[in-house]
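Subject: Structure for you to look at

Hello,

Here is the structure I promised. Please open it and keep it on screen while you read.

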Amino acid sequence: MGRGAASIQERSAEGGSAPGRTAVLAVGDRPDERLLGNTLPEALQAVRLLVSCGDLPADYLDALAGRFRVPLLYVRGNHDGRVESPSLPGENIHGRVVTAGGLRILGFEGSNWYNGEGVQYTERQMWWRVQAARPAVWRFRGVDLVVTHAPPYGIHDAPDVCHTGFKAFRAALQTLRPLYFVHGHTHLDYSPQASRVTQVGRTQVVNAFRSVLLTVDLPVRKAS
Ligand SMILES: [Fe+2]
């Protein structure tokens, strides 16, 4: 199976949805009001898909969906599951593979379990969630983009239990080998050493904090 090339930009670079290419705007954790300004940078006008990595207010996601008028896929963050949280706009892709923007996309919600409030999973629970998604991944013959709230263990994560990444995601990186693994939860301003992007094998692991624009050459797939 052919795989497309991937490049990453932070809002202002050139790129977008040229033929054979799609532009995905990923958001997470904190609203980026620049996305709702009067004028959009040219690269953002080419956005064909919105993905939310969680912990964002429903009215902000609603405003983004109205602004860009493209499909919105999301996973819930650990703060999205409280009883008072309003329902979120878009399509929840937790544990599911969907196709959008020409890409096969798989999502997983929540953070590592730390106090039981909100959307939290133990490592074992998340391992089972990842295993449960395998038949869908097989039916779609792989995935191009994985969207999560928490990072993989040891990549963009932190030592405290709340911000420790999932080992199940680290294993999924090796077996699924997506073009992108996009997550939230670990805010880039937590640490001056924090990285936006880390390359792991063929996968770019990307922290979507606030917003990041992903440009993907669409995979070339053989007819079955
Ligand atoms: Fe979070």
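Below is what was found in it, from the whole chain down to single residues.

**Ground rules**

This is a predicted model: local features need pLDDT of at least 70, side-chain atom pairs count only at pLDDT 80 or more, and totals for chains, interfaces and linings use all residues. Residues are numbered from 1 along each chain as its sequence is written.

**The whole chain**

The chain has five helices and 14 strands. Both are DSSP runs, numbered from the N terminus: helices are H or I with at least four residues, strands are E with at least two. Of the 224 residues, 39% count as buried. Buried means that 20 or more other C-beta atoms lie within 10 Å of the residue's own; exposed means 12 or fewer, partly exposed is in between, and C-beta atoms are placed from the backbone.

Take contacts between residues at least 6 apart in sequence: 71% of them join residues at least 24 apart. A contact needs two C-beta atoms, placed from the backbone, within 7 Å.

**Confidence**

The average pLDDT is 89, and 88% of the residues score at least 70. pLDDT is the predictor's confidence in each residue, from 0 to 100. Over residues 1-5 it is below 50; this stretch has 15 contacts in the model beyond near neighbours in sequence. Residues 11-15 also stay under 50, with 13 contacts beyond four places in sequence.

**The sheet**

Six strands form an open sheet with mixed pairing, in the order S6-S7-S10-S11-S13-S12. Two strands pair if DSSP finds at least two bridges between them. S6 (97-100) and S12 stand at the edges with a single partner strand each, so one side of each has no neighbour in the sheet. The twist averages 25° from one strand to the next.

Look at S12 (residues 197-200) and S13 (residues 203-207). They pair in the antiparallel sense over four bridges. Val 197 has Val 206 as its bridge partner, and Gln 199 stands opposite Gln 204. The two strands form a hairpin with two residues between them, and Gly 201 in the turn has a positive phi of about 60°.

**Two helices**

How do H3 (residues 123-132) and H5 (residues 167-176) cross? Their axes come within 8 Å and cross at roughly 30°. That makes H3 roughly parallel to H5. Angles under 35 degrees count as roughly parallel, over 145 as roughly antiparallel, 65 to 115 as roughly perpendicular and the rest as oblique. Axes are lines fitted to C-alpha atoms, for helices over the stretch in contact, and angles run from 0 to 180 degrees between N-to-C directions.

Glu 123, Met 126, Trp 127 and Val 130 in H3 meet Lys 167, Ala 168 and Ala 172 in H5. H5 also lies across S10 (145-148), S11 (180-183), S12 and S13, at about 170° to S10.

Glu 123 is partly exposed, because it has 14 C-beta neighbours inside 10 Å. Leaving out residues up to four places away in sequence, Glu 123 touches Phe 166, Lys 167 and Ala 168.

**Two residues to check**

Most residues other than glycine have a negative phi. Asp 29 has a positive phi of about 75°. It sits in the loop between S2 (21-28) and H1 (42-45). Asp 29 is buried, with 25 C-beta neighbours inside 10 Å.

Arg 210 has a positive phi too, near 65°. It lies in S14 (residues 210-217). Arg 210 counts as buried because 22 other C-beta atoms are within 10 Å.

Best wishes
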